[in-house]
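Let's take a walk through a protein model together. Have a look at the picture first, and then we'll pick out some of its parts.

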Amino acid sequence: MALALEVKGLSTTLFTRRGEMKAVDGLSLSVAAGETVALVGESGCGKSLSALSIMRLLPDPPARIVGGEVRLNGRDLMPMPEEALLDIRGKEIGMIFQDPMSSLNPVATVATQIVEVLRSHTDMGRAAARARALELLELVGMPDAPRRLDEYPHRLSGGMCQRVMIAMAIACNPSVLIADEPTTALDVTVQAQVLALLKKLQADSGMAMIFITHDLGVVAETADRVVVMYAGRKVEEAGVDALFETPLHPYTAGLIGATPIPGAERAARLADIPGMVPALNALPPGCAFADRCPKVMDRCRQEIPLLTQPALGRLVACFAAETA
Amino acid sequence: MSLLSLRDVHVHFNTAQGTVRAVNGVSLDLAVGETLGLVGESGCGKSTLGKAIMKLVPIAGGEVIIDGVDIAPLDRRQLALMRRKVQMIFQDPYGSLNPRSTVGRSVAQPLQIAGWTAEATVERVETLLRWVGLPVDAKQRYPHEFSGGQRQRIGIARALALSPKLIICDEPVSALDVSVRAQVINLLEDLKSQFGVSYLFISHDLSVVEHIADRVAVMYLGLLVEAGGRDQIWRNPQHPYTKALLAAAPIANPRLARARQRTVLQGELPSPLDPPTGCPFHSRCPIAQDRCKIDKPLLRPVGAGTLAAWHFV
C-alpha cells in the first residue's frame, strides 16, 4: 500500500522562559491509504503538538520545528513556503479538533464556512459550492441538513458542530485526515455516531487517518496500528491486537491495566501507575518513565533507550523489554 | 436500612425560554456501605440530582431523606448539621479549592465550622492528608502547586474531614489522565473498605462506573429509566436506552470491540425545554410504538431486583 503520510525524526522544541522543552523528540510514523493509526498518550506527551507540527500550524515563537521530514504523498512539507501550505492544508490533508464549538467561526453560517473551503481550493462557483456544501452535510449525517445550512454554530449541538467540522475537513477529498480527540467532548451515544461516520467515510474514500486520543477504548474501536507516546517520544508501536494482548513497554502495559473493561471479570483493583508524568523541562537523563516503572534497572536512569524491533511490525524503546 | 432515600424529587429551573425540569420525579434508595453509580448523558439531570441531595439547588418537590431525616424543609442551621453526614467532591478539583488558601486551611475549614479545637484540627488535617496519600507538608502549600490528581486527593481529604456517611462524587475522575484516574479510583475504594463510607458515583464514563459501582441507576431527560444491580444492568439491560448506552461505550479490547453487535443510536438528546410527550426516549428509540408517544411508562420491578420504566417488559 502506498504511504500517504510519512513522518521521519520530527522534533519540535518549545522555547519558553522556563527553558527549552523537547515537546516532540524524534517522532517517526507512517500511515498508508485506508489505514488508521492511533497516537496515544496522556496530557503533555506531545501527541497534539505532533499533529500540529505535521500541519505546521504551531506558532513560532514559542514552538519551532527543529528537525525531521513530513512527507505527504511523497513531498516534504517542512521546507515549503507558507503559501504552498495554505493550498495543501484543507485540500490534501484535513484536520478536526476536540472542541468543535470553538473551531468554527461563530459569526459565519455553516454554508459560508464550507463554501469558503471549497472555493479556496477549487474553481467552483458560488452556487455549485453551496450545492456541494449541502451534499457534504448530508454525507456526514447532519439531521435536517437543508435547514442547517444557514444556521450559525451556536444553534447546533456539539455533535452537529463536529459533523460540520468533518464536512469541511473532507470537502476536498484529502488523502490524510488528522483527528485530534474528535469525540472527547461528546456524549457517548454521539461519540459512537461520529466514530461510525469517520469509519464509513474512510471506507468510501480510502483516506489515511491519524487518530489522536487518550482513550484506549476509542483506540480499540478505531485503530489498525497504535503509536504510544510518553514525554515527547514514541515508546511503542504495534498493530492494535498485538498491542493490547502483549504490550511490551511497561508504560503501555500500565495504561491498559489502568483502564477498566466492561463485561470482563472485575479486577479487585485497577493497576495504577504511581507518580505522574515528568515536566518536559525537567526530564531525567535516562528513560523518562524510569521513576514510575515497575521494571526499572540502573541502566534506565543513565541512558535513553532507543527504539528496537523485537518482532515484525513492532517497535519498543525499553531496556527491560529487550532483555525479557 | 437506606442511608439515602429520594422520593419523587423534582428540581426545576426557570429560564428565559421556559421551565427546565432538570429532575422530574426521581425515586431512588442507597443502602449503607453501597456504591451507587448514576449514569446518563449531558443534561440528563444526574449532577443536578447530586446537588439536590446536598440542597445546593432548590428542591421543587419530593423528599430527600438522609439517615431518616427529610432535608427539604430544613433551615440553614439544621442543614449544616446534616451536611456533616453527606459531603461532595467535584469534577474540577481546582475550581473547588480556594486558590488563595493553603491546602491545610481548606481541609481544616469543615472542622473549624464544626467547632473543633485548633489542636485537634491540626492533628486531624495531618491524618487526612496521610489517608489520601499526600505528604504532611502539603498543608503549607497552595492548590496551584499540585497536579490534577493531587488536587482531587485534597478534595477527598476535605470531604472526609467530618467522617461523612455518604460522599457524592460528581465526575471525580473525568478530568484526570488514565494512570492518575486509576490511582484516584483505587483510593476511593480503599477509603470505602477502611471507613465504610457510601458513594453516589455520578459519571458519564460507563467503564469506570462498572468497575466501582454495586448498583447502577440510568437517567434520561430528568427521569430514571432503569436501576438495578451492576451485573444485571450490564448482562441483561432492560430499557432500550440502557441497551443503547452500553452499546455505545467503547471497550478497551479490540477483539471484544469487533465481536459485539452494535446498533448506533440515531439522533441527539431532545431539548429539555421541550421534552417529548409520553416516554421521553421515544424520539430516539429503535423499537418505539404508538403507545410510547402518549403513555409515560412508570418505573416498576422487572425481575432480578431491577426497576425499569419501559412498557414492554
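## A covered strand in chain B

Start with strand β6 (residues 86-89) of chain B, which has both faces covered. Val86(B) and Met88(B) on one side, and Gln87(B) and Ile89(B) on the other, are all buried. A residue is called buried if 20 or more other C-beta atoms lie within 10 Å of its own, exposed if 12 or fewer do, and partly exposed in between, with the C-beta atoms placed from the backbone. The strand names come from DSSP: strands are E runs of at least two residues, helices are H or I runs of at least four, and both are numbered from the N terminus.

β6(B) runs parallel to strand β7 (residues 166-170) of chain B, and four bridges join them. Two strands pair if DSSP finds at least two bridges between them. One bridge to spot here links Val86(B) with its partner Leu166(B) in β7(B).

## What you are looking at

This is a predicted model, in which local features need pLDDT of at least 70 and side-chain atom pairs count only at pLDDT 80 or more, while totals for chains, interfaces and linings use all residues. Residues are numbered from 1 along each chain as its sequence is written, and chains are lettered from A and ligands numbered from 1 in the order in which they are written.

## The two chains

Chain A has twelve helices and twelve strands. Its radius of gyration is 21 Å, close to the 20 Å that the globule rule gives for 324 residues, so chain A is as compact as a globular protein of that length. That radius is taken over C-alpha atoms, and the rule is 2.2 Å times the number of residues to the power 0.38. The C-alpha atoms of chain A fill a box of roughly 65 × 50 × 40 Å along the principal axes, and 48% of the 324 residues count as buried.

In chain B you'll find eleven helices and twelve strands. Chain B has a radius of gyration of 20 Å, close to the 20 Å that the globule rule gives for 313 residues, so it is as compact as a globular protein of that length. Buried residues make up 49% of the 313 residues in chain B. Of the contacts in chain B with a separation of 6 or more, 63% are between residues 24 or more positions apart; a contact means that the two C-beta atoms, placed from the backbone, lie within 7 Å.

## An open sheet in chain A

Now find the open sheet of four strands in chain A, with the order β2-β1-β4-β5 and antiparallel pairing. β2 (19-32) and β5 (75-76) of chain A stand at the edges with a single partner strand each, so one side of each is left without a neighbour in the sheet.

Strand β1 (residues 3-16) of chain A pairs with β2(A) over ten bridges in the antiparallel sense, and the two form a hairpin with two residues between them. Val7(A) has Leu29(A) in β2(A) as its bridge partner. β1(A) also pairs with strand β4 (residues 63-72) of chain A, antiparallel again, over eight bridges. There, Leu5(A) is partnered by Leu72(A).

## A two-sided helix in chain B

Next up is helix α4 (residues 118-131) of chain B. At 1.5 Å a residue, its 14 residues should span 20 Å, which agrees with the 20 Å between its end C-alpha atoms; the expected span is 1.5 Å times one less than the number of residues.

Thr121(B), Arg124(B), Val125(B), Leu128(B) and Leu129(B) of α4(B) are buried. They cover an arc of only 135° around the axis, which puts them on the same side of α4(B); the arc is that of the directions from the helix axis to the C-beta atoms. These buried residues pack against α3 (103-113) and α5 (148-160) of chain B. The face turned away from the buried side carries the exposed residues Glu119(B), Ala120(B), Glu123(B) and Arg130(B).

## Where the chains touch

How many residues of chain A are in contact with chain B? There are 38, and they meet 36 residues of chain B. α8(A) gives the most to that side of chain A, with seven residues.

Thr189(A) is found in helix α8 of chain A. Thr189(A) counts as buried because it has 22 C-beta neighbours inside 10 Å. Leaving aside neighbours within four places in sequence, Thr189(A) is in contact with Glu41(B), Ala244(B), Leu245(B), Ala248(B) and Leu265(B).
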